[in-house]
Amino acid sequence: MSLTQDEQSPRAEARGGAAAPPAPPRPPAAKPKARPRKRKLSWKTAFKRDWQLYTMAIVPLIFFVIFKYGPMLGNVIAFRRFRPGGSIFGDEWVGVRYIEMFINDPSFWHVFTNTVILGALTMVVCFPLPIVLALLLNEVRQQYFKKLVQSISYLPHFLSIVIIVGMVMQILSLEGTANQIVRAFGAEEIPFLQRAEWFRFIYVGSEVWQTIGWGTILYLAALTSIDDSLYEAAKIDGAGRWRQTWHVTLPGIRPTMVTLLILNIGMFLNVGFEKVFLLYNPLTYETADVISTYLYRVGLVSNNLSYATAIGLFQALIGLVMVLSANLISRRTTGTSLW
């Protein structure tokens with residue numbers, strides 16, 4: 001049992017010892033000082049302080065207003081009959097007539113299927129390859145070889161699509177490099193550009209050639225932000241290079257991967273018009289004709305702008321739904337999202 005100070009003092013005197021003096025009272029503990037709250041600047045104060053930066057944003061804002069948000073007003077002609085020379089917003093209200101037209105049009109669903117297939121192939125092939133190339137370059141220790149590979153892989157991105165298509169046509173022509181290799185093995189020449197079954201391979205292959213190097217830039221930048229102590233801890237735990245890549249590297253670049261994946265999903269149906277338009281011909285319409293080229297022929301060649309606008313609006317709504325869905329799924333599963 002514990003004894004109080006009054007009970008202990010008589011026993012101490014009885015044993016001939018002096019009683020211990022009472023302990024001085026402890027001073028009250030000082031209360032921690034509250035941190036001063038940061039005062040939120042008003043937009044007037046922020047603009048006055050950083051007006052130079054806000055001024056630099058005027059030109060991009062004007063560009064988006066004129067060329068991105070302004071044309072959205074023209075979507076109204078998807079529900080109004082447009083005649084050349086009349087009002088830019090259409091002459092008379094027709095409701096969902098043009099929407100019913102493309103829903104019941106077999107040609108539209110054929111090009112829609114081609115667009116989905118090309119978009120899926122492009123995403124499945126072109127999305128992971130930059131990640132793989134970035135991981136391989138990250139393991140290279142010879143800086144000269146690493147910079148050489150980077151320069152060679154980046155170069156096609158800076159070439160115009162016209163030059164890329166011209167090079168593809170030269171390589172795949174009957175007298176091109178590809179057919180020279182075919183003849184070297186004793187086979188007959190293959191008219192790659194005139195056969196519909198080859199178009200998807202040609203398109204996806206040219207996309208890989210043009211975009212793989214540029215896509216590695218973002219992933220290499222993300223790799224530099226990973227803490228080296230994580231790799232050291234993994235080595236202490238006995239993890240090899242594959243384990244370090246799986247448990248340290250890939251989780252470190254996961255936010256970048258998710259962000260780019262969501263953006264790619266949003267552009268899923270926007271298969272490049274320029275490249276398809278320059279590569280395809282009537283012999284390859286079966287697999288090469290996509291929504292963008294179909295809109296060009298319907299809207300500008302056939303001068304049916306209201307019908308083309310209805311199809312374009314449908315395509316944009318699908319892209320919006322896909323972006324919102326991918327962002328929601330990513331936020332709930334991985335905790336990373338665009339917003």
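1. Arg-81 and Glu-92 join their side chains in a salt bridge, at 3.0 Å from N to O. A salt bridge here is a side-chain nitrogen of Lys or Arg within 4 Å of a carboxyl oxygen of Asp or Glu. The pair ties distant parts of the chain: Arg-81 sits in strand β1 (residues 80-81) and Glu-92 in strand β2 (residues 92-93), 11 residues apart. Strands (E, at least two residues) and helices (H or I, at least four) are DSSP runs, numbered from the N terminus.

2. This is a predicted model: local features need pLDDT of at least 70, side-chain atom pairs count only at pLDDT 80 or more, and totals for chains, interfaces and linings use all residues. Residues are numbered from 1 along each chain as its sequence is written, and side-chain values use heavy atoms, with hydrogens and water left out.

3. Glu-92 also pairs with Arg-83, with the closest N and O atoms 3.2 Å apart. Arg-81, Arg-83, Asp-91 and Glu-92 are linked in a network of salt bridges. Arg-81 has 24% relative accessibility and is partly exposed. Glu-92 is partly exposed at 35%, and Arg-83 is partly exposed at 38%. Buried means under 20% relative accessible area, exposed over 50%, and partly exposed in between (1.4 Å probe, protein chains only).

4. The structure holds nine salt bridges. Another of them joins Asp-289 and Arg-297, with the closest N and O atoms 2.5 Å apart. Asp-289 is buried, at 5% relative accessibility. Arg-297 is partly exposed, at 22%.

5. The largest pocket has a volume of about 1100 Å³. Its lining counts 28 residues; Met-72, Asn-75, Asn-270, Gly-312 and Ala-316 are the closest to its centre. A pocket is an open set of points on a 1 Å grid over the protein atoms alone, where a 1.4 Å probe fits, with protein on both sides within 12 Å along at least five of seven lines; lining residues have an atom within 4 Å of a point. Points are joined across faces, edges and corners, and a volume is the space filled by probe spheres set on them.

6. Helix α18 (305-333) is among the elements that each supply at least two residues to the largest pocket's lining. The largest share, 11 residues, comes from α18.

7. The second largest pocket holds about 960 Å³ of space. Of its 29 lining residues, Thr-122, Cys-126, Glu-207, Thr-211 and Asn-264 are the closest to its centre. Here α11 gives the largest share, nine residues.
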